[in-house]
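Hello,

Here is the structure I said I would hand over. My notes on it follow below.

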Amino acid sequence: MQAYQVQSAAGIDAIGQVELADPQPQAGQVLVRMRAASLNFRDLIVTKGGYARNDRCPVIPLSDGAGEVISIGEGVTRFQPGDRVVNCFFEDWESGEVTEEQFRTARGGGIDGVLAEQVVFSERALLPIPTHLSFEQAATLPCAAVTAWQALVTLGRIQAGDTILTLGTGGVSLFALQLAKLHGATVIITSSSDDKLERARQLGADETINYRSTADWEVAVRRLTDDRGVDNVIELGGLGTLAKSLSCTRLGGRVSLIGVLTGVEGTVNPLPALFNRLTIEGIYVGSRSMFAAMNRAISANSLEPVIDRVFGFAEAVDAYRYLRTANHFGKVVIRIGDH
Ligand SMILES: NC(=O)c1ccc[n+]([C@@H]2O[C@H](COP(=O)([O-])OP(=O)(O)OC[C@H]3O[C@@H](n4cnc5c(N)ncnc54)[C@H](OP(=O)(O)O)[C@@H]3O)[C@@H](O)[C@H]2O)c1
């Protein structure tokens, strides 16, 4: 079968197409013909090495895929050939408190990912695709959507009437917008582009701020909340945005620490966090049971993921280059095979 590998930590140019033996499912495993995969910002990080405990080379990249079951190994009860399935980001984190070993099973990092024609998964790392979603749409869910779900719902315990701030219009942020609206929250979203902000409004955003033309966007957020601050920030920027996020969170509110879009260098004054009794909580995607709960909400509300562009399998490296431009709105997807 054909697959891609990140062959060294030399960036996008080190991604190459390779011919590998077809994998075979062992006991408890499911062989899936991949139909689509999606990219996340972390996949750019993986090509440069240094992806925390999940740094391995060579590795088949990408964590997020969807496809159909070709065959099952002995003892598999949850799936049968022909089923449409989506995989979990972590091969081994089914539910409950996570362990160090489970965190080492991130697809497309610690273990091989899904940018391949065929992939073997544990049956405990797969879920049925919500029936209204295509393979391309389902492939957007495992990392970005589950991360937003854990931050807003599992840990954030979102309630109707909460105000959520989410940064930028990438994959995680747009899922945060859609999932927060589904829970009856008010959503404030930022972007560098007025056009993207207009599209975010069409998706349900209540308030929009251009963080380029409004450098002190945290002041604008406070103003929009009558100086109360927001209940939960989907903090995707890292050191370049964290101080501002802390300063526009309400007394006793939450900052969901997720991303590093502006990098990890710099300093942040911790005083606003302690004087305002903020909860700052690191988020790392989520478990299969969180994913299953999210899929129930997605099905019940016919939520449609936002796909910016779909590339062919042969154009996989172009998809990475496109993601790197940050011109996208939502998710970048690679179609695998003919369907
Ligand atoms: N901890 C976890 O489990 C987890 C899971 C998923 C992602 N992440 C992290 O979360 C971040 C987002 O990931 P993603 O895959 O959603 O990324 P993405 O789709 O590549 O997002 C790109 C977008 O980020 C926005 N952005 C860039 N700099 C910004 C800034 N200073 N302020 C606000 N927005 C900014 C831009 O939006 P505009 O074009 O609208 O300006 C850009 O288009 C990354 O750092 C990623 O590593 C972490």
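**Domains and ligand site**

The protein is split into domain 1 (2–142 + 286–335) and domain 2 (156–282), with bounds that come from an automatic or database domain assignment. This is a predicted model, in which local features need pLDDT of at least 70 and side-chain atom pairs count only at pLDDT 80 or more, while totals for chains, interfaces and linings use all residues. Residues are numbered from 1 along each chain as its sequence is written, and side-chain values use heavy atoms, with hydrogens and water left out.

The C-alpha centres of domain 1 and domain 2 are 27 Å apart. Contact (heavy atoms within 4.5 Å) links 17 residues of domain 1 with 14 residues of domain 2. Between them the two domains bury about 1,300 Å², with 76% of this on carbon and sulfur atoms; buried area is the accessible area (1.4 Å probe) that two parts lose on being put together, summed over both. Of the area that domain 1 buries against domain 2, 45% comes from Phe-41, Leu-303 and Phe-329, more than from any other three residues.

There are zero salt bridges between domain 1 and domain 2, where a salt bridge is a side-chain nitrogen of Lys or Arg within 4 Å of a carboxyl oxygen of Asp or Glu. Four residue pairs (both at pLDDT 80 or more) are in polar contact between the domains. A polar contact is a pair of N or O atoms within 3.5 Å; within protein, one must be able to donate a hydrogen and the other to accept it, and residues adjacent in sequence count only if both atoms are side-chain atoms. On the side of domain 1 that touches domain 2, helix 1 (41–46) and helix 10 (288–300) each supply at least two residues. Helices (H or I, at least four residues) and strands (E, at least two) are DSSP runs, numbered from the N terminus.

Around the ligand there are 27 residues, and Thr-169, Ser-191, Tyr-211, Ile-283 and Val-285 come nearest; a residue counts as near if one of its heavy atoms lies within 4 Å. A side-chain N or O atom of Thr-169 is 2.6 Å from an oxygen atom of the ligand. From the backbone, an N or O atom of Val-260 lies 2.8 Å from a ligand oxygen atom.

Two backbone details remain. The peptide bond from Cys-57 to Pro-58 is cis, with omega near -5 degrees, and Pro-58 sits in the loop between helix 1 and strand 4 (64–72). Arg-277, not a glycine, has a positive phi of about 50 degrees.

Regards
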